[in-house]
Amino acid sequence: MQEQNKFTLFMNSKQFKIPFHFDNLVHIDLNIFNSLIVNHHYHVNSITNEKIFQSFLDFLVNKKEPEITHDNIQDYLQLSQEFQFSALEDLIQMKKIDDNQ
């Protein structure tokens with residue numbers, strides 16, 4: 001029964017479940033939002049590893065800040081562009097500034 005109260009995101013032929021209700025749902029790309037609301041699922045176009053994607057979801061759903069490094073910044077950038085999630089874009093920009101100092 002609890003699985004019915006979750007959205008499914010498909011990435012790299014794997015399913016990731018997220019709750020129907022979380023604060024940042026209204027802060028993502030409108031097309032993704034609509035797909036989740038209407039279809040209860042979304043196929044992620046970004047290509048990244050599962051660990052980074054799960055970290056992104058933890059930030060999106062639980063506001064747990066990801067550890068953005070020089071090695072993974074491009075993966076997070078790709079996800080932020082696809083999801084249009086400004087909080088992640090802000091973190092990436094702060095990381096770029098920190099790396100340049």
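Tutor: We'll take the fold, the surface and then some loop residues. Keep in mind that this is a predicted model.

Student: How many helices and strands does the protein chain have?
Tutor: Four helices and three strands. In sequence order the pattern is β-β-α-β-α-α-α.

Student: And how does the radius of gyration compare with the globule rule?
Tutor: The chain comes out at 14 Å, close to the 13 Å that the rule gives for 101 residues, so it is as compact as a globular protein of that length.

Student: What does the C-alpha trace span along its principal axes?
Tutor: About 50 × 25 × 20 Å.

Student: What share of the residues is buried?
Tutor: 42% of the 101 residues.

Student: Contacts next. Of those between residues at least 6 apart in sequence, what percentage join residues at least 24 apart?
Tutor: That is 59%.

Student: Where does Asn12 sit?
Tutor: In the loop between β1 (6-11) and β2 (14-19). Asn12 counts as partly exposed because its relative accessibility is 39%, and the cut-offs for that class are 20% and 50%.

Student: What about Lys63, what is its phi?
Tutor: Also positive, at about 60 degrees, and Lys63 is not a glycine either. Lys63 is in the loop between α2 (50-62) and α3. Its relative accessible area is 49%, so Lys63 is partly exposed.

Student: One more. Which loop holds Gln84?
Tutor: The one between α3 (73-83) and α4 (86-100). Gln84 has 43% relative accessibility, so this residue counts as partly exposed.

Student: Which residues does Gln84 contact, leaving aside neighbours within four places in sequence?
Tutor: His27, Ile28, Asp29, Leu79 and Glu89.

Student: And how far is the C-alpha of Gln84 from that of His21?
Tutor: 18 Å. Gln84 and His21 are 63 residues apart along the chain.

How values were computed
Residues numbered from 1 in each chain as written. Predicted model: local features only at pLDDT ≥ 70, side-chain atom pairs only at ≥ 80, totals over all residues. Heavy atoms only, no water. Helix = DSSP H or I, 4+ residues; strand = E, 2+ residues; numbered from the N terminus. Buried < 20%, exposed > 50% of the residue type's maximum accessible area, 1.4 Å probe, protein only. Contact = heavy atoms within 4.5 Å. Rg over C-alpha atoms; globule rule 2.2 N^0.38 Å.
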